[in-house]
Amino acid sequence: MSKLHINFRTDYDHYSGCPLAPIELIQYGDFQCAYCAETYLVIKILQECFGDLLKFVFRHYPMPNHYPLSLQAAIASEAAALQGKFWYMHDMIYENQKYLTRSSFSEFAREIDLDTEAFEDCRYHRKLARKVISDFEGGVKSGVNSSPTFFLNGARYDGLDDFDSLYLAIRNANHFEYGTEDRSVRLFR
């Protein structure tokens, strides 16, 4: 893992967990990337395993040259964030990734109970595109060149994205001593 200083901002970043958690896992991700969809489930289980010890931060790294709806998906999640539902949209997109179309985001907005008129209006605001671009540029400056890319407590994580590898990296980063009988690990395996 190479050490970089990645600044976390509670007023800017989308995060799940305690903002003061001792473990910080930042993901640069693309909503249309199949690898990101696979790690989405891994992250959910890691959050269950580590509970209040883990803060998960999601930053946008859309690659529209590879994934034609990735930029629209990122902007849709930002439009949902304006109504306090970033994580709802995040989850809906990943859980339905294989079936995404241009109209999917409007359907998801209805399903997660957004004010759909406000959602549609916001999707075309430059402010949201600037947030997505800012995340992307921050990733590039930090050496991100693909998705998903993870940073663990400020250091780039270059290991595998499977549960066991990320679990061990998180545990080792903070010298936690979890036994093999940990409830969450037993449930996963």
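Is the crossing of helix 2 and helix 6 left-handed or right-handed? It is right-handed. A crossing is left-handed if the near helix is turned anticlockwise from the far one by less than a right angle, and right-handed if clockwise. This is a predicted model: local features need pLDDT of at least 70, side-chain atom pairs count only at pLDDT 80 or more, and totals for chains, interfaces and linings use all residues. Residues are numbered from 1 along each chain as its sequence is written, and side-chain values use heavy atoms, without hydrogens or water.

Helix 2 spans residues 70-81 and helix 6 spans residues 126-141. Helices are DSSP runs (H or I, at least four residues), numbered from the N terminus. Their axes come within 9 Å and cross at roughly 115 degrees. Axes are lines fitted to C-alpha atoms over the stretch in contact, with angles from 0 to 180 degrees between N-to-C directions. Helix 2 brings Leu 71, Ala 74, Ile 75, Glu 78 and Ala 79 to the contact (heavy atoms within 4.5 Å). Helix 6 brings Leu 128, Ala 129, Lys 131 and Val 132.

Lys 131 also lies over the face of Tyr 12, at 4.2 Å from the ring centre. Here NZ of Lys or CZ of Arg must be within 6 Å of the ring centre and within 35 degrees of the ring normal. Likewise, the charged end of Lys 85 sits over the ring of Tyr 88, 5.4 Å from its centre.

Now the rings themselves. Ring pairs link Phe 31, Tyr 40, Phe 56, Phe 58, Phe 86, Trp 87 and Tyr 94 into a cluster. Rings of Phe, Tyr and Trp (its six-membered ring) pair if their centres lie within 6.5 Å; planes under 30 degrees apart are stacked, over 60 edge-to-face, the rest tilted.

Terms used: Helix = DSSP H or I, 4+ residues; strand = E, 2+ residues; numbered from the N terminus.
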